[in-house]
Amino acid sequence: MLEKIVPCKSEEKIKEDLLKLVTLAKKELQATDAVIIPASKVVVDERVKMKCAVPRCFNYGSCANCPPYTPDVETVRNTISKYSYAIVVKRNVTPVEHFADRTSSLTNAKVHEREFAQIIAKLENAAFSAGYYLALGLAGGSCRNYLCNDKVCQYLDSGRCRYIRIARPSVEAYGIDAFQLAVEAGWDIYPIGPQHVSPKEVPLALNVGIVFIT
Ligand code: SF4
């Protein structure tokens, strides 16, 4: 849908467009679910971003879309406060071992994260074309891992991202609490961490992202 930019859309029109975008996410882009929430429900927390550094992720400081290069949490909070709505998106990861089994997850998780980033980028683009030109999408994982296959980040190296149309920062890189987002959307989610839990004990795994619309 391509729509003319107008000075102000009615609440009714905005809600109608949001529902169309949710349908697009679920029916065409293959998201498992997508839920509209007030942007004010999105929690930005300094501790989330700190978890990128403790324990230090191997993408910390190595990817232009990861901390410490992402905006400070106060800027993120101020930015989000300008939006009224967001669409929270999830995609179930099957088999769950692709996230939960640490012996294979480094290889397999990136495939799911790449596909999920494409969903978020396409949804953001669809919102843009529908007249919501400030739509802003955040996915999950590090694009250095899921797109650049752990090569040197070309943006940090030479100022040119290899995958500008797909690469999106993760919600967590912006200090947004992805677990809380999933709970706010009404989804089950488990803290799948390294080592301590057998993959057989993990009921489900998911990618979680968000597109701020207006
Ligand atoms: S896609 Fe690659 S080049 Fe672009 S920001 Fe991510 S790591 Fe850097």
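Buried denotes under 20% relative accessible area, exposed over 50%, and partly exposed the range in between (1.4 Å probe, protein chains only). The model is predicted, with local features requiring pLDDT of at least 70, side-chain atom pairs counted only at pLDDT 80 or more, and totals for chains, interfaces and linings using all residues. Residues are numbered from 1 along each chain as its sequence is written, and side-chain values use heavy atoms, leaving out hydrogens and water.

View A. Val202 counts as buried because its relative accessibility is 11%. Val202 is placed in the loop between α8 (178-185) and β4 (206-212); helices (H or I, at least four residues) and strands (E, at least two) are DSSP runs, numbered from the N terminus. Leaving aside residues up to four places away in sequence, Val202 touches Val96, Ala100, Ile192 and Val197 (contact: heavy atoms within 4.5 Å).

**View B. The largest nonpolar core.** Such a core is a set of buried Ala, Val, Leu, Ile, Met, Phe, Trp, Tyr and Cys residues joined through side-chain atoms within 4.5 Å. The largest has 31 residues, and Leu21, Ile87, Val89, Leu123 and Ile213 have the most contacts inside it. At least two residues each come from α1 (11-28), β2 (85-92), α5 (105-129) and α6 (143-146), with α5 supplying the largest share, 7 residues.

**View C. The ligand shell.** Around the ligand (a heavy atom within 4 Å) lie Cys63, Cys143, Arg144, Cys148, Cys153, Gln154, Tyr155, Cys161, Arg162, Tyr163 and Ala167. Both α6 and α7 (154-158) supply at least two residues of this shell.
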